[in-house]
Amino acid sequence: MNGHHAVLISNQLEAKHLLSEIGASPAGIEYMVPKSVFKCIKLKNISNRAANIIKQEMLSKGGEAAIAKEALMDEGEHDVLLMGTIRHFQRLVDKLRMQPFGLKAVALEIETILANLETTQWTMQLANGRRLEIGPQTKIMGILNITPDSFSDGGRFFNPDKAVSRALEMAEAGVDIVDIGGASSRPGSQMVEEMEELRRILPVVERLATEDIILSVDTFRARVAEAVLGAGAHIINNIGLFAMDPDLLEVAVRWQAPMVLMHNRLQLNPGQEYVNLVDDIIIELQQAIAQGAAAGLESEKIIIDPGLGFGMTHAQSLMLLKRLQDFRSLGRPILIGASRKRFIGETLDLDIEGRLEGSLAAAVIGIMNGANIIRVHDVRATREVARMADAVRLTNG
């Protein structure tokens with residue numbers, strides 16, 4: 001047997017390693033790396049005139065481009081799928097910068113997407129003086145529900161003493177962030193009043209703020225966010241973008257508090273059908289990031305969460321997990337929360353108590369597909385599978 005085989009290269013670092021492995025010269029490596037990595041980029045709602053120019057320019061550079069057949073005839077807008085190596089895209093960008101019809105802006109967006117796909121590390125300044133290094137190792141966010149009705153552990157940590165003890169347990173197990181929630185967002189639950197949410201979580205935040213633990217608070221309410229940030233919290237985990245309480249953005253800007261922005265059709269647009277699952281979620285997250293930046297909360301403060309299971313069928317949640325890499329185009333750390341969720345139970349035909357293995361599998365799949373933070377109930381077990389997944393993902397040996 002001759003040992004011939006395919007080699008799959010996902011980024012420029014891997015390309016550099018493989019070229020070094022076969023003995024290519026340093027100059028040859030630098031020249032060949034952009035030719036070794038193949039990418040597909042989808043452009044949305046491009047005018048037909050611009051779409052046809054993009055297609056012809058990409059073809060002329062040796063890449064490929066696909067547009068709808070109607071784009072040759074009507075005057076509307078269509079999507080464009082570009083396919084090529086990094087070098088093809090670099091040459092395309094150079095040419096589009098000199099073109100009319102808004103193509104200079106398209107060139108900048110393509111360039112930004114390519115840079116975002118290579119970004120694997122972020123240093124995030126938190127509220128109250130803390131800092132969080134994200135990447136290359138996966139961060140574990142432990143769930144601390146101080147509620148009587150959360151879908152998995154409702155009532156177990158409703159007592160403040162038990163909640164604090166649970167947070168300290170998670171810290172001992174290797175958690176990176178503790179996410180404290182006082183208002184259940186599970187399907188069918190009744191959202192508690194603001195003052196009750198505060199009554200549940202504020203004493204716990206105050207006590208844990210004296211510990212060496214990064215604290216996130218799971219809330220969409222401005223007054224709750226103001227109070228917990230004042231008590232020492234570091235991150236706001238917001239399930240409602242900026243729609244469920246428009247005043248939340250002003251609080252985040254004033255505190256310069258990092259925020260998790262979660263896509264959430266369940267609360268914001270219940271029953272609304274997706275036209276294209278991944279495209280629709282990316283657009284809504286882009287809009288929220290832009291809204292934050294316009295108000296003074298720069299994108300460097302944003303973590304994105306595609307919202308697994310929120311208003312989706314279990315098949316859509318599985319597809320989202322499979323297509324998680326697409327969200328790296330946004331250039332922000334990706335958080336996923338699959339732990340013990342309904343789509344795991346429906347896939348495996350298991351109740352909540354039996355979903356540990358499915359949750360761990362989802363965590364590993366998420367990590368291999370680009371997740372940087374995993375939000376979980378089972379900290380110790382997830383920490384171990386994340387370490388193993390990271391060891392495989394980061395090896396170049």
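A residue counts as buried here when its relative accessible area is under 20%, and as exposed when that area is over 50%. The model is predicted.

**Helix 8**

Helix 8 spans residues 222-230, and its buried residues are Ala222, Val224, Ala225, Val228 and Leu229. Viewed down the helix axis, these buried residues fall within an arc of 160°, so they line one face of helix 8. A general point about helix geometry applies: an α-helix has 3.6 residues a turn, so residues three or four places apart point the same way. On the face of helix 8 turned away from the buried side lie the exposed residues Arg223 and Gly230.

The elements that cover the buried residues of helix 8 include those in the table.

| Element | Residues |
|---|---|
| Helix 7 | 194-208 |
| Strand 8 | 214-218 |
| Strand 9 | 235-238 |
| Helix 9 | 248-255 |

After helix 8 comes Gly232, which has a positive phi, near 120°.

**Helix 6 against helix 7**

The axes of helix 6 (residues 160-172) and helix 7 come within 10 Å and cross at roughly 45°. Helix 6 is therefore oblique to helix 7. The crossing of helix 6 past helix 7 is right-handed. On the helix 6 side, the contact is made by Pro160, Asp161, Ala163, Val164, Ala167 and Leu168. Helix 7 contributes Val204, Arg207 and Leu208. Of the residues in this contact between helix 6 and helix 7, seven are nonpolar and two are charged, with no polar ones.

Conventions: Residues numbered from 1 in each chain as written. Predicted model: local features only at pLDDT ≥ 70, side-chain atom pairs only at ≥ 80, totals over all residues. Heavy atoms only, no water. Buried < 20%, exposed > 50% of the residue type's maximum accessible area, 1.4 Å probe, protein only. Helix = DSSP H or I, 4+ residues; strand = E, 2+ residues; numbered from the N terminus. Arc of directions from axis to C-beta. Contact = heavy atoms within 4.5 Å. Axes fitted to C-alpha atoms, helices over the stretch in contact; angles between N-to-C directions. Parallel < 35°, antiparallel > 145°, perpendicular 65-115°, else oblique. Left-handed = near helix turned anticlockwise from the far one by under 90°. Nonpolar A, V, L, I, M, F, W, Y, C, P; charged D, E, K, R; others polar.
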